[in-house]
Amino acid sequence: MYLYDDGADEDLPEFDPSAQVVFATASTIVVRGLPEAEGDVGLRVVFDESAESSRTPELLATGDFAAPSGRVIARTSSWDEPIQMAVAPGSYRFTVRSDDEQWPTEVLIQFERAAG
């Protein structure tokens with residue numbers, strides 16, 4: 001699954017899912033999930049709020065995310081239409097959590113405004 005800012009001047013990256021579970025650039029986060037043939041992967045994305053994480057205890061990654069346009073899009077290869085979210089433009093810190101560190105079936109991506 002990909003999550004990215006629609007206004008960022010950045011191409012969606014090529015991602016080798018056999019190499020890592022999470023890959024991030026300045027305005028894109030890619031998470032490898034359970035293969036489509038084996039079932040659906042649930043995705044929760046929250047901005048500037050706490051989220052219950054008992055279903056996603058594994059910390060996969062943290063980092064910085066730029067949302068210059070404030071139009072954040074989430075998509076997977078199996079969704080016909082992407083999910084679009086409007087957020088305050090700016091810089092965020094992100095945390096990616098899941099239920100499994102190798103083949104997630106539940107993914108939580110949480111964003112907080114970066115200080116400064």
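**Overall fold**

Helices (H or I, at least four residues) and strands (E, at least two) are DSSP runs, numbered from the N terminus. By this definition the protein chain has nine strands and zero helices. The model is predicted: local features need pLDDT of at least 70 and side-chain atom pairs count only at pLDDT 80 or more, while totals for chains, interfaces and linings use all residues. Residues are numbered from 1 along each chain as its sequence is written, and side-chain values use heavy atoms, with hydrogens and water left out.

The C-alpha atoms of the protein chain occupy a box of roughly 40 × 30 × 25 Å along the principal axes.

**An open sheet**

Five strands form an open sheet in the order E2-E3-E1-E6-E7, with antiparallel pairing; two strands pair if DSSP finds at least two bridges between them. Its edge strands, E2 (22–24) and E7 (83–86), each pair on one side only.

Strand E1 (residues 2–5) runs antiparallel to E6 and is joined to it by four bridges. Tyr2 has Arg75 as its bridge partner in E6.

**The nonpolar core**

A nonpolar core is a set of buried (under 20% relative accessible area, 1.4 Å probe, protein chains only) Ala, Val, Leu, Ile, Met, Phe, Trp, Tyr and Cys residues joined through side-chain atoms within 4.5 Å. The largest has 22 residues, of which Ile29, Val96 and Phe111 touch the most other members. Strands E3 (28–31), E5 (58–67), E6 (71–75), E8 (90–98) and E9 (106–113) each supply at least two residues of this core.

Beyond its neighbours within four places in sequence, Phe111 is in contact with residues including Leu3, Ile29, Phe65 and Tyr92, where contact means heavy atoms within 4.5 Å.

Key:
Buried means under 20% relative accessible area, exposed over 50%, partly exposed in between (1.4 Å probe, protein chains only).
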